[in-house]
Structure formats: C-alpha cells, structure tokens
Amino acid sequence: MEAANPWDPVSAPTAAGLVLGRFVASGFVTQEMLNISKKSASCFVNFSKLQQITNIQAEINQKNLEIALLRLEKDTADVVHPSFLDEKCHTLQNMNNHLEAVLKEKRSLRQRLLKPMCQENLPIESVYHRYMVHLLELAVTFIERLETHLETIRNIPHLDANLKKMSKALAKMDILVTETEELAENILKWREQQKEISSCIPKILAEENYLHKYGIIMPSLPYSSKVHV
C-alpha cells in the first residue's frame with residue numbers, strides 16, 4: 001500500500017493537511033502549487049530507468065555467460081562428459097583384455113606364424129560363403145592383372161622419356177606417310193607411262209617390219225633392240 005502524502009489535505013487529514021487547507025482557504029497557497037509539489041522529480045525517474053537498464057544488462061551478461069558455458073561443454077563433451085568417458089574406458093578395457101589374451105598365447109601364436117599356412121582350411125560360416133566366392137573372383141582378377149599394374153608403376157618414373165619417344169615416333173610416322181604418298185603418286189605416274197609405251201610398241205614394231213621389208217636399217221630406240229637386215 002502506498003504511503004499517505006502528508007501534503008494532500010484530502011487523502012491525509014493530518015495537522016499538516018489542516019494547515020495547508022487553511023492556507024488554501026485564505027488564498028496564501030493555491031491548489032496548483034500543491035499539485036506541482038506532488039510531482040516526482042525527473043532526475044529520480046531517470047535514476048530508476050538507469051537502474052532497470054543496468055539490471056537488464058546484467059541479466060543479458062549472465063545469459064551470455066551461460067550460453068558460452070553450454071557451448072564449451074558441447075565442444076568438450078567427448079573429453080569431460082561422463083557418458084563419453086565411460087564409453088572410452090570400456091573400449092580401452094576391451095583392448096587391454098585383447099592384448100592380455102595375445103600375450104598369454106604369445107608362444108602358440110609365434111609357432112603358428114612360423115608354420116606355413118599352405119593347404120589348410122579356414123572355417124567360414126555359411127552365411128559368408130557367397131561373399132567369399134565374390135572375394136575369390138576379385139582376387140583372381142587382381143592376380144592376373146598384377147604384373148601389368150606393377151609394370152605400369154615401374155614405368156611411371158620414365159613417363160616423360162616415353163612421351164618424348166612417342167612424339168619422335170609420331171613425327172617419323174608422319175614423314176613416312178608423306179613419303180609413301182609421294183611414292184604412290186610416282187607409281188601411278190609410272191603405270192600411266194607404261195600403258196602409253198605399251199600402246200606405242202605395236203605401232204613401232206609395225207614400222208620396223210615395214211622398214212625391214214624394204215631393207216632400211218633404223219637406229220635403235222632406247223626402248224627397243226637392234227634389228228639387222
């Protein structure tokens with residue numbers, strides 16, 4: 001409940017209120033002056049707002065701190081969270097048990113490793129037989145191509161030199177192709193010349209027979225033999 005205003009003659013009929021009432025009745029103090037005195041100063045209002053802003057800012061800082069702590073906990077959960085630590089401890093314990101078992105059977109394992117595994121059958125459950133068939137097919141294919149793969153790996157350091165040799169061989173092939181085309185053209189021209197010569201030989205022979213008939217000797221041509229009458 002709000003405290004009674006001692007300066008208000010209506011709400012607080014006290015001695016001060018009675019005195020003020022007399023002042024108002026006599027005209028020495030007006031009601032407006034009393035109302036102005038009832039208003040709170042603006043500086044106190046600003047102080048209250050500043051206090052509210054300060055409280056809100058402190059609350060925001062607190063929330064930001066909580067958020068940062070939650071993010072840090074999330075980032076380091078796999079290190080400090082108990083459930084993750086229990087899981088890691090369980091995994092380490094299993095590894096430790098496995099290593100202890102290996103150390104206990106160290107002698108038998110060493111003897112088995114020294115013994116060749118040739119012509120021995122490994123028990124495989126029937127559920128995995130079809131996978132083993134596929135695996136054996138892959139192994140056979142890999143072994144067949146192993147030598148090719150190894151040869152490819154060996155040729156990798158000499159790849160630049162092989163490329164240069166291939167470039168030179170291609171250049172030589174281009175030259176040979178050009179020479180072959182020229183040779184083919186020459187052969188075709190020679191065939192045409194031979195056809196022309198073959199077509200002219202009967203005429204030449206007829207002329208020679210005609211000349212021989214009348215006892216005329218002609219000088220031999222470069223493509224015909226001497227004939228003496």
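Phe142 is partly exposed, at a relative accessible area of 48%, where buried denotes under 20%, exposed over 50% and partly exposed the range in between (1.4 Å probe, protein chains only). The residue is placed in helix H7; helices (H or I, at least four residues) and strands (E, at least two) are DSSP runs numbered from the N terminus. Together with Ile143, Leu146, Leu150, Ile153 and Ile156, Phe142 makes a nonpolar surface patch of about 570 Å². Patches comprise residues with over 30% relative accessible area and no salt bridge, like charges being joined within 9 Å and nonpolar side chains (Val, Leu, Ile, Met, Phe, Trp, Tyr) within 5 Å. Accessible areas derive from the Shrake-Rupley method with a 1.4 Å probe, and for residues only the protein chains shown count as cover.

The model is predicted, so that local features require pLDDT of at least 70 and side-chain atom pairs count only at pLDDT 80 or more, whereas totals for chains, interfaces and linings use all residues. Residues are numbered from 1 along each chain as its sequence is written, and side-chain values use heavy atoms, with hydrogens and water left out.

The protein chain contains eight helices and zero strands, and the order of its elements from the N terminus is α-α-α-α-α-α-α-α. Of its 229 residues, 4% are buried. Among contacts (heavy atoms within 4.5 Å) with a separation of 6 or more, 6% involve residues 24 or more positions apart. The accessible surface of the chain amounts to about 21,500 Å², and carbon and sulfur atoms contribute 63% of this area.

Two salt bridges are present in the structure, the criterion being a side-chain nitrogen of Lys or Arg within 4 Å of a carboxyl oxygen of Asp or Glu. In one of them, Arg154 pairs with Glu151 at an N to O distance of 3.2 Å. Both residues belong to helix H7 (residues 129-155), where a spacing of three residues corresponds to about one turn of the helix. Glu151 is partly exposed, with a relative accessible area of 38%. Through shared partners, the salt bridges join Glu147, Glu151 and Arg154 into one network. The bridge between Glu147 and Arg154 has its closest N and O atoms 3.9 Å apart. Glu147 is partly exposed at 49% relative accessible area, and Arg154 likewise counts as partly exposed, at 46%.

Lys164, Lys165, Lys168 and Lys172 form a positive patch. Within this group, Lys164 is located in helix H8 (residues 159-213) and is exposed, its relative accessible area being 57%. A patch of negative charge is formed by Glu179, Glu181, Glu182 and Glu185. Glu181 also lies in helix H8 and is partly exposed, with a relative accessible area of 48%.

Methods: Lys, Arg positive; Asp, Glu negative; His and termini not counted. Charge placed at Lys NZ, Arg CZ, Asp CG, Glu CD.
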